[in-house]
Amino acid sequence: MLIIRPITAADFAALKHIAIESGHGFTSLPVHDERLWQKIHHAEASFAADIASPGDQGYLFVLEDTSNGEIVGTTGIEAAVGLHTPLYHFQQNTVIHHSAELNVLNQLKTLTLCNDYTGASEICTLFLRESYRRNHAGRFLSKVRFLFMAEHPQRFAEKVIAEMRGATNDRGEPPFWGWLQQLFLTIEFPEADKLIGVGKKSFIAELMPRHPIYVGLLPAAAQQVIGQVHENTKPALKMLEKEGFKHRGYIDLFDAGPTVEANLTDIRSVASSRKVPIKITEVQGEHTLAVANTALKNFRASFGKQASFDETSGELLLSPAFAAALQLQDGQFARFINLDQR
């Protein structure tokens, strides 16, 4: 069985392995021991905190295979981004250059540095080992965050964002990066990627262009990838779009990947999730359900067909093994969604 739970200090070695395996561009998990320990301790404190509104909390979960005890994935939520360290994006706009005398009207696209998403919640740090990318595991890893947010909405902002990894070339470098490196940053992409990952972002405000940039002046290779996602990220973007996330024109500074957004209460899995009492019994359901308990520090979630909602009684039927994995007893409440719904 695959179980989602909050990360603990005992997961450090597994988290570092995932950070190495995820490669460049996955800035939320840098290969940096001190930063990884900070993330774990910060997550532990966040799950333990008694709060009524979102602040500087970060909720990091791990996906554990109970058959062998291995950690095979991660997923996370930042409660409110940009409060201490600014979260920068480029905003896409269109400006009009018009001459009535010459009867010329040009609509020109621009990019402007901004931090408009300050205070938004962010879903992030989603990674699943390749050998487990089957049988709804990736879908569960993404959607389980919405079960947690639906159960604890006071911990999150009304606006939720997700930064999608941008397109790269055959060498794993984003074509959008080239012009930035040449004109403004003069450091290699892996170095900038590492600095972002360890939280050293002051160079962005110090070196990035402060005035709007005309997109038409960029190299063709850079223009073509604006708002495009990495090939491996396309399924994740499609899933979020079905949840109601939309791209409003904001892109990543370095790889030009899109940032998508949705209101928390409008997210499909948040709105459609149901919180009901459970009944423990042998059951083989028709659909694959993602089920979570209602705890905070002891949050547990899993998925499978050993669960079925009884419309007549209003109860969620769970097999004994499923209920035990979620630390649930008869009559306690759980929240669930149907993973089969596309």
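The model is predicted, so local features need pLDDT of at least 70 and side-chain atom pairs count only at pLDDT 80 or more, while totals for chains, interfaces and linings use all residues. Residues are numbered from 1 along each chain as its sequence is written, and side-chain values use heavy atoms, with hydrogens and water left out. Rolling a probe the size of a water molecule over the atoms shows where empty space is left.

**How the spaces are defined**
- On a 1 Å grid over the protein atoms alone, a cavity is a set of points where a 1.4 Å probe fits but can't get out, and a pocket is an open set with protein on both sides within 12 Å along at least five of seven lines; lining residues have an atom within 4 Å of a point.
- Points are joined across faces, edges and corners, and a volume is the space filled by probe spheres set on them.

**The cavities**
- Searching the whole structure turns up three cavities of 30 Å³ or more.
- The largest cavity holds about 70 Å³ of space, and its lining is made up of Lys143, Arg268, Ser269, Ser272, Ile337, Asn338 and Gln341.
- Helix H9 (268–272) and strand E16 each give two or more residues to that lining, with H9 giving the largest share, three residues. (Helices are DSSP runs of H or I with at least four residues, strands are E runs with at least two, and both are numbered from the N terminus.)
- The second largest cavity has about 40 Å³, and Arg139, Lys143, Met239, Lys242, Glu243, Arg268, Gln341 and Arg342 line it.
- Helix H8 (234–243) and helix H3 (137–151) each supply two or more of those residues, and H8 gives the most, three.

**The second largest pocket**
- This pocket holds about 260 Å³ of space.
- It has 14 lining residues, and His287, Leu289, Phe309, Phe336 and Asn338 lie nearest its centre.
- Strand E14 (307–310) and strand E16 (333–338) each give two or more residues to the lining.

- Gln57 sits in the loop between helix H2 (33–48) and strand E2 (58–65).
- Gln57 is buried, with a relative accessible area of 11% (buried means under 20%, exposed over 50%, partly exposed in between, using a 1.4 Å probe and protein chains only).
- Leaving aside neighbours within four places in sequence, Gln57 is in contact (heavy atoms within 4.5 Å) with His42, Ser46, Ile51, Ile77, Glu78 and Ala79.
- A polar atom of the Gln57 side chain lies 2.8 Å from the backbone nitrogen of Gly55.

Key
A polar contact is a pair of N or O atoms within 3.5 Å; within protein, one must be able to donate a hydrogen and the other to accept it, and residues adjacent in sequence count only if both atoms are side-chain atoms.
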